[in-house]
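Trainee: I am new to this one. Can we go through it together?
Mentor: Gladly. Here it is.

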Amino acid sequence: MTETTPNHTLTVEGWAALDPSGKITPFTFKRRENGIDDVTIKILYCGMCHTDIHYIKNEWGNTIYPLVPGHEITGVITEVGSSVRDLKVGDKVGVGCLAASCLTCDFCKDSEENYCEKMQLTYNGTFWDGSITYGGYSKLLVANKRFVVRVPEGLPLDAAAPLLCAGITVFSPMKKHNMHRAGKKLGVVGLGGLGHVAVKFGKALGLHVTVISTSRSKEEEATNRLGADQFLLSSDPSQMKSCARTLDYILDTVSVSHSLGPILDLLKVRGTLVLLGAPDDPMELPSLPLLFGNGHSLNKIQEQDELMEHSH
């Protein structure tokens, strides 16, 4: 983060939530001047994330009003600071969830700024100088170059915007857990914003994709529009039982509380379940599918032999 207090002199028009009613209204506010490490972006598109709704309604109890939401931001650079070398006026760029970090801790040095203790969000954050961060539901954004990404020429800005939150939320765990081996089986629970992206990424990576939903009406969209290979109605016990232990990976994108037991039953032994939704209420996590599904209670005979050898 910059060590000098910026001047907040730029008048910007946007939309803000003023209270937890769920409504946003026109709002005029101040942004900082473009610093030596900053770029100024004319915002052309900003996606709506479910997190925006949580913050607008103060469902997590930490909203700072007035709140200008939006962290799926794309636009065009109109000004660059004197220390900016890799970006120029006219470049198509995007800004996601992060606005600042210390840039000096081990996490920042390893390009894991999202774990920095001084990390600040694009909106609903507080800079070290006491100023509030405002998001992309506005016409202009000033951002540190470290937190700006290029948008390739072949990717439309409107399509790029949701990738900066929904896209990276799905892409990151898929990369981390090696969900890119063609022919492996991926289950996607829920077909909202994250679910759509998960299905498309899965198909692009050559995975066999199964959509799991409580809504039968989602089947046509999942299979015909998005190209999923299979659809499971999670409220149908016979369908769920027929697919027990068939999936290598599951991405659970549902943002309301639900039992994970039936979902875990779909995983192969040593399969991977990643939770991407953010329910307000605690999730139900039964222990038996974890214990017996991966053989922790009834271990291999070979391991029992090894135990005896190490116990005398």
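**Cysteines, salt bridges and domains**

Mentor: Cys46 is partly exposed, with a relative accessible area of 26%. Buried means under 20% relative accessible area, exposed over 50%, partly exposed in between (1.4 Å probe, protein chains only). This is a predicted model: local features need pLDDT of at least 70, side-chain atom pairs count only at pLDDT 80 or more, and totals for chains, interfaces and linings use all residues. Residues are numbered from 1 along each chain as its sequence is written, and side-chain values use heavy atoms, with hydrogens and water left out.

Trainee: Which cysteine sulfur is closest to that of Cys46, and how far away is it?
Mentor: A disulfide is a pair of cysteine sulfur atoms within 2.5 Å. The closest cysteine sulfur to that of Cys46 is too far for a bond. It belongs to Cys49, at 9.8 Å.

Trainee: How many disulfides does the structure hold?
Mentor: Take Cys116, which is buried at 6% relative accessible area. For the structure, the number of disulfides is 0.

Trainee: Is Asp91 buried or exposed?
Mentor: Asp91 forms a salt bridge with Lys88, their closest N and O atoms being 2.9 Å apart. The rule asks for a side-chain nitrogen of Lys or Arg within 4 Å of a carboxyl oxygen of Asp or Glu. Lys88 counts as exposed, at 51% relative accessibility. Asp91, at 8%, counts as buried.

Trainee: Which residue forms a salt bridge with Glu113?
Mentor: A search of the whole structure finds 9 salt bridges. In the one with Glu113, the closest N and O atoms are 2.7 Å apart. The partner is Arg146.

Trainee: How far apart do the C-alpha centres of domain 1 and domain 2 lie?
Mentor: The bounds come from an automatic or database domain assignment. That assignment gives domain 1 as 10–164 and domain 2 as 168–294. Their C-alpha centres lie apart by 30 Å.

Trainee: Which three residues supply 61% of the area that domain 1 buries against domain 2?
Mentor: Buried area is the accessible area (1.4 Å probe) that two parts lose on being put together, summed over both. The two domains bury about 420 Å² between them, 51% of it on carbon and sulfur atoms. The three that supply more than any other three residues on the domain 1 side are His54, Trp60 and Leu163.

Trainee: How many salt bridges does the rule find across the interface of domain 1 and domain 2?
Mentor: Apply the salt-bridge rule to that interface. The count across it is 0.
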